[in-house]
Amino acid sequence: MRAGEDTIYALSSGQGRAAIALVRLSGSASAEVARGLCGDLPRPRRAVLRALNDPDGGGVIDRAMVIWLPGPHTFSGEDMLELHVHGGPAVVAALFRALRHFPGLRPAERGEFTRRAVENGRMGLVDAEGLADLIAADTEAQRKQALRQASGGLDEIYEGWRNQLLALLAHLEAHIDFVDEEGVPLEVAADVRARSSALAREISSFLTDNRVGERLREGLTVVIAGPPNAGKSSLLNRLARREVAIVSDRPGTTRDLIEVHLDLGGYPVVLVDTAGLREAAADEIEDEGMRRARKRAGEAALVIWVTSPDADGRPEAPFDSALLRVVNKSDLIPGENVLDAISISAKTGSGLDALVEALTARVQALFAETQERPLLTRERHRVALSKCCDHLLAAAATPADELVAEDLRRAAWYLGKLVGRIDIEDILGQIFSEFCIGK
Ligand SMILES: Nc1nc2c(ncn2[C@@H]2O[C@H](COP(=O)(O)OP(=O)(O)OP(=O)(O)O)[C@@H](O)[C@H]2O)c(=O)[nH]1
Ligand SMILES: [Mg+2]
């Protein structure tokens, strides 16, 4: 536990009126606050009913369930106090006023309880990110992935790689520093190089996951594109079940990108409506709209390419993203079925179930890998792992033994940064534990 820090407090349950509100404290003044409010320090880790008294003589604030949690075996690693009061805004306000009377107390900053948990070694950095994602999760698939990460699934993988790397480095350094002037024996050097490139292969296979994890965190982008007036905005409104985009019979109505967030079979999707694509734009605003539409569609995981019988012919998509072809306005030409497209009417709603079904299947296929293993969900992880990989490959390729060690050290540094533990002591610790130097 780190001394000299403020004791922090916060409303940990949601804002607004509720049956119960949970106010949490963390820090060395927690015991003092418990005594001040309740008159005594309750037994550790027991829920007890107490009248909370205003230390300034204002009488009873509320009757509350109080839990006193002495550190270090707590969420934050510090002494903690939980006050479950009645969830009226005035109760919480009165309690906060009372808390301000205790010295060394201040309101917590964002994520500060978890930050202290990480600083006190109660939780890894990667686990903490998972916890943040769990609280932010909107869909089932996001919840599952975040829980896997918060429960240590990802951290375990990274730590495993880091330990392999530190062992490799220890192995090499012991030979460089302590054997003889001739340097590292040939077979040791060859072994270290082979193991470096094997580890690089393992990490890069983890990296080439099609960004499924990041998509799961941020949502998979599905773009609706097609010629003007095909009914793209009408389709967006149908799928979103509200009037998000303006619909009109004038071609070139939509200019900006319009985004809505959907939950498709448990997977998060960002659905984007775009300006209709045609040869000649009416003005430079429409032109800019079309440029944005092409760019976004070109980057999308999937494009719903919408045409209609009243559009000019059946234009082809001017980008090579994966397509789901849709012909809209089936009500105009009843009975017509287009071979490789789903026929719908955004006006009557016919064919929409089939479209949602096909869309869900495509989205599920794009997320197919998510069931088994934890995924890479953040750019921060991707960058650190690619750097690590680069140095491992460099280590495997360089002819000079000293440089191999340097590259391995850099590779380990990136993994250390990733899991929030960069410490040269670790490498020394490994050396001494593995090789019994100094005997
Ligand atoms: N009959 C019929 N009309 C439709 C259908 N879907 C849309 N429309 C009409 O087609 C016109 C164009 O619809 P929008 O949804 O604005 O078309 P858009 O593709 O977004 O057009 P831009 O934004 O200009 O590219 C409107 O008058 C809609 O009411 C449909 O299924 N059947
Ligand atoms: Mg539109």
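A crossing of two helices is left-handed if the near helix is turned anticlockwise from the far one by less than a right angle, and right-handed if clockwise. Keep that in mind for the first stop. You're looking at a predicted model, where local features need pLDDT of at least 70, side-chain atom pairs count only at pLDDT 80 or more, and totals for chains, interfaces and linings use all residues. Residues are numbered from 1 along each chain as its sequence is written.

**Stop one: α7 and α13.** Select residues 186-207 (α7) and 401-419 (α13); helices are DSSP runs (H or I, at least four residues), numbered from the N terminus. α7 passes α13 in a left-handed crossing. Their axes (lines fitted to C-alpha atoms over the stretch in contact) are 11 Å apart, at an angle of about 35°. Now show Ala189, Val192, Arg193 and Ser196 in α7, which meet Asp401, Val404 and Leu408 in α13; contact means heavy atoms within 4.5 Å.

Ser233 sits in helix α9 and Thr254 in the loop between α9 and β8, so the pair ties together parts 21 residues apart in sequence. Ser233 is buried, at 10% relative accessible area (buried means under 20%, with a 1.4 Å probe, protein chains only). Thr254 is buried too, at 10%.

**Last stop: α1.** Select residues 30-38 and color the buried ones: Ser30, Ala31, Val33, Ala34, Leu37 and Cys38.

Note on methods
Chains are lettered from A and ligands numbered from 1 in the order in which they are written. Side-chain values use heavy atoms; hydrogens and water are left out. Buried means under 20% relative accessible area, exposed over 50%, partly exposed in between (1.4 Å probe, protein chains only). Helices (H or I, at least four residues) and strands (E, at least two) are DSSP runs, numbered from the N terminus. Axes are lines fitted to C-alpha atoms, for helices over the stretch in contact, and angles run from 0 to 180 degrees between N-to-C directions.
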